[in-house]
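Please read the following report alongside the sequence and the coordinates.

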Amino acid sequence: MELFDKLVYYLSYPLVQYALVVGVLIALCSSLLGVTLVLKRLSFIGDGLSHVAFGAMAFAVVLNFSNQMLLILPVTVLVAILLLCTGKNTKIKGDAAIAMLSVGALALGYLVLNIFPEMVKSGNVAGDVCSTLFGSASLLTLSSKDVWLCIGLSVFVIGVFVFFYHKLFAITFDEDFAAATGVKVQAYNILLATVIAVVIVLAMKLVGSLLISALIIFPTMSAMRVFKSFKNVIVCSACISVVCALTGMLVSILFSTPVGATVVAADMVAFGIFALIGALKG
Amino acid sequence: MAQLTCENVILGYEKTAVTGCINLSLNKGDYLCIIGDNGSGKSTLMKGILGLRKPMEGKITFGDDLKQNEIGYMPQQTIVQKDFPASVEEIVISGCLSRSGLRPFFTKQDKMLADEMLAKMEILDLKKRSYRELSGGQQQRVLLARALCATQKMLLLDEPVAGLDPETTEEFYELVKRLNREEQVTILMVSHDLHAVSKYASHVLNLVKDPVFFVTKEEYLKLNQKGEEVSDGTV
């Protein structure tokens, strides 16, 4: 009962409520996109883009931008479009391109932060880097403006997903066929890239850039163990993701564990359960 | 008027020509087999006809009430599709997308059309099954049903029987033949299978370079016979 009281006590704080709302929305959005990304063999794009976002953030800090989003978001969107839309005939193939960008951006970001340590407001380069990479308590310092921004963007992502659901299915399953029947594949790829970039920049707040891949991959993989149609996989992965995010955040509040890592651990447990169910079902 | 005409068409990637100079003209109800070695540009030609790749030279034109996006395409299977979680129903109805424009859902007509095509492919009972659990032959039928949802005028089949056993292959050919004969669907098929050419095709396009030639089946068989006689002579 003590735990329960503690929980109720914490939940009465608006900051904790904000964090829960934002966390659930981000988990929902990333699991929706995850299905498409995993099936398009782009699981690592989340990882790559989040490192690009980290690099952009480092430059925003050093260049003393008052609103870092103004640099982070456009850069990430641009890189996402480049990665998703160059197609199969480029000189550097998809996975290699993602890996190069990801490592390059991470290194460059860390480098500039260390070259200009005086620009880091907290004066603690290592601490700042660590919290961007692994997510941080910053989830508990959200202003109501952040929350509304996040709600707005999530509504946008979910809206895009519902409205273009059948087109997204077609370009995920078979891009060539979709293009042949007159679906504007390139335009949808750009839309998808933009949405992915937006979600990743949002998700960095929750789990940090290293763990974003987990939010994208785990719910989808769990759902795919058990369900066999596209629609069911999406619905199930969204549910898994929301439940895991909530559980993870509550546990991290109660036992003061790191938020990002706890959410990912919850996702891993869910994967284990679903893999087991899948195996039992045959 | 011809449904599809290629005049002096050359296709390629980044300024390197892949195909020779292609001239062909197909009417409604024709059955064209495209033959050629690996790398002779069979799939590239398919993409050219579908408008996914601009020809480097020459002109591809459509007539007889056929528009470019009214071609049903059955691509080779990709690795991605092998373990894709989708039901047969979801895949087949995605062929109707060309007609739905910006509308975010499928209409009743779309659903009826999908059912009709499933029945025509004799796989209506698989409707709720998962695509990845089907056999190779069943998967090909699903993809053919999807192509038929997109159009019933012209079908492009890219090596449709690759990886199928002889019996399933024969069944599949018979299915395509029925579409061709009974419903006057124009067929363009990439195939390595010379047996299929002699049995089903009405025209043959040979993409092996220099010279690329487009002939009727009878002419092709005659040419082939001559070739065999010549080679027999040298032995």
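## Contact between the chains

In this predicted model, chain B places 23 residues in contact with 27 residues of chain A. On the side of chain B that touches chain A, the elements giving two or more residues are strand 7 (71–74), helix 2 (79–82) and helix 3 (88–93) of chain B. Sorted by class, this side of chain B consists of 15 nonpolar, seven polar and one charged residues.

## A sheet in chain B

Chain B also holds an open sheet of three strands, whose order is 4-1-6 and whose pairing is antiparallel. Strand 4 (22–26) and strand 6 (57–62) of chain B are the edge strands, since each of them pairs on one side only. Averaged over the sheet and with direction ignored, neighbouring strands are turned by 5° against each other.

Strands of a sheet pair through backbone hydrogen bonds, in either a parallel or an antiparallel manner. Here strand 1 (residues 4–10) of chain B runs antiparallel to strand 6 of chain B, and five bridges join the two. As for individual positions, B:Thr5 stands opposite B:Thr61, which belongs to strand 6 of chain B.

## A helix residue in chain A

In chain A, A:Asp128 lies in helix 6 (residues 125–134).

Notes
Residues numbered from 1 in each chain as written. Chains lettered and ligands numbered in written order. Predicted model: local features only at pLDDT ≥ 70, side-chain atom pairs only at ≥ 80, totals over all residues. Contact = placed C-beta atoms within 7 Å. Helix = DSSP H or I, 4+ residues; strand = E, 2+ residues; numbered from the N terminus. Nonpolar A, V, L, I, M, F, W, Y, C, P; charged D, E, K, R; others polar. Pairing = 2+ DSSP bridges. Axes fitted to C-alpha atoms, helices over the stretch in contact; angles between N-to-C directions.
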